[in-house]
Amino acid sequence: MEELGKTILKLIPVIGDQLADISVLVFVIGAAPPLIFILLYALVTLYTEMKVSAHIQDRVAYMYTGYHGILQPVADILKLIQKEDTVPDSADKTLFRLAPYLVFIGTYAGFAVIPFSSAYMGSNINLGVFYLIAASSIVVIGLLMSGWASNNKWSLLGAMRSAAQLVSYEVPTALAVLVAVMITGSLNLNEVSKFQDGGIQNWILFGGPMPITQKLLLLPFTFITFLILFLAGMAEVNRTPFDLPEAESELVQGFNTEYSGMKFAIFYLAEYANMFLVSAVATSLFLGGWSSPFGSFMSGPVWGVFWFVMKGMFFVFVQIWMRWTLPRLRVDQLMYTSWKVMTPFLFVCIFAVGLILVL
Amino acid sequence: MDLFSVIFYVFAVITLGAAGIVVFSRNIVHSAFALLFAFFGVAGIYVLLMADFLAITQLMIYVGGILVLLIFGVMLTQRQIAVDIKTGTIQTIPALIIVSALAGTLVGMFWVTVWRTSGIPPVEPTASKIGELLLTTYLLPFEVASVVLLVALIGAAMIARREKKA
């Protein structure tokens, strides 16, 4: 991160070299790329989501702003910026204003340990995924804060549901992460991606770069773990089929009912960023992250970004696809899935993977 | 002042400020939410001390677990069943005596203690070292702690699910 910040600052004519010596500035610039990525990605996903959902339901979605409505996301953002930023009279004003930022900070903090390519990751700490799981707990607090501060029954119910959901799905997520970590022996997502470098057959999803017998033994367990990780991740993003916190038909809009204008936009941005974060974690842990599926063909730091974003976007697409295909779960079904299906399955997977690795 | 001290003071101010709100706020929900920033500030200081594992565990357990539960409880009691949780000041004089005694002891200890700093550079991959130690040298305390937690969990489930006798 520091090198990138320094390199970018040195590109500025005349004063670049002096600026590169100011460490705060270097850190800020070095931490900015994921933010720029999130903003652009949100525009693309906004459009994709509308178009994909429309085509799934045999509609065409927007067609008038630009070619096939391609400028619609820009128009949407403009509308959101212009909108009056209302704060309900009986809301707790401070907390109401603070909550959306807290939710976004929690999400963005997670991006610090995501390796976009072998050359760039925000912070190369050895506790990568563990940090990411911890950072996501700030999101829970932000959601609770928004729900409570809105002083609205729907909001409060939505916030309670989302907190319950996030807390219980943290367990399968952490356990699933553990399986990949056991195989690679590192919590650092960059190390995990490097471990799987060298082609599609080395991905942990397919058993990792092990001798063939070990690989075949590992394969069913890693496959199940990946599925569970992705599903639990989807639940953490609060999207259908796990969108109980927002359930339009029951709770109006859930925790963000009272929000409008830019604050609503920040919630939306956080949700989209979280979608990518979940996909990115699943990709880095099980699908080789930035490494090319063709071994040394098309690999390198720049191709790494390409592969990483492609893999991530594929799973964002899967999330959109599932959202517009499946109905919402009931609360008891939600808890049942987490505690009685995913968690026991993962215990079996962890035990089996441990045993196979020892053998 | 170098970056290290700037960051230290930022986190110290966050921690103390938030802790102040926790104690002095009239609104119990504000107190609960301010705890988030207090925990966060402490975690930041742990990171500065190169105790990254401890910092993240702090966030994970205190913010992700305990604080969520706390806020849940406070939120439910405040608005749902309209119970006012008292946040006023009572028994000022005994509190003052106890607090000043405690503060005096702490400050005295800080004053008297000879702070040793080790010249050994911090261990780099902390997690694997901690994991090794937990499963070798400290295996028994580790297992005992997990058994205690399991007992607490089963006990909580038992109390919560006790069937009412007719």
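Over all chains, the count of salt bridges comes to two, a salt bridge being a side-chain nitrogen of Lys or Arg within 4 Å of a carboxyl oxygen of Asp or Glu. This is a predicted model, in which local features need pLDDT of at least 70 and side-chain atom pairs count only at pLDDT 80 or more, while totals for chains, interfaces and linings use all residues. Residues are numbered from 1 along each chain as its sequence is written, chains are lettered from A in the order in which they are written, and side-chain values use heavy atoms, with hydrogens and water left out.

**A salt bridge in chain A**

- Glu49(A) forms a salt bridge with Arg323(A), and their closest N and O atoms are 3.2 Å apart.
- Glu49(A) lies in helix H4 (residues 33–56) of chain A and Arg323(A) in helix H13 (residues 301–323) of chain A, so the pair ties together parts 274 residues apart in sequence.
- Helices here are DSSP runs (H or I, at least four residues), numbered from the N terminus.

**Chain B against chain A**

- In chain B, 28 residues are in contact with 27 residues of chain A, contact meaning heavy atoms within 4.5 Å.
- The area buried between the two chains is about 2600 Å², and carbon and sulfur atoms give 81% of this; buried area is the accessible area (1.4 Å probe) that two parts lose on being put together, summed over both.
- Across this interface the rule finds zero salt bridges.
- Helices H2 (28–48), H3 (52–80) and H5 (126–135) of chain B are the elements that give two or more residues to the side touching chain A.
- H3(B) gives the most, with 17 residues.
- That side of chain B divides into 18 nonpolar, seven polar and three charged residues.

**Helices H7 and H8 of chain A**

- The axes of helix H7 (residues 128–149) and helix H8 (residues 153–184) of chain A come within 8 Å and cross at roughly 175°; axes are lines fitted to C-alpha atoms over the stretch in contact, with angles from 0 to 180 degrees between N-to-C directions.
- That makes H7(A) roughly antiparallel to H8(A), a term for angles over 145 degrees.
- The residues that meet include Val129(A), Leu143(A) and Trp148(A) in H7(A) and Leu156(A), Glu170(A) and Val181(A) in H8(A).

Definitions and conventions
Ala, Val, Leu, Ile, Met, Phe, Trp, Tyr, Cys and Pro count as nonpolar, Asp, Glu, Lys and Arg as charged, and the others, Gly among them, as polar. Angles under 35 degrees count as roughly parallel, over 145 as roughly antiparallel, 65 to 115 as roughly perpendicular and the rest as oblique.
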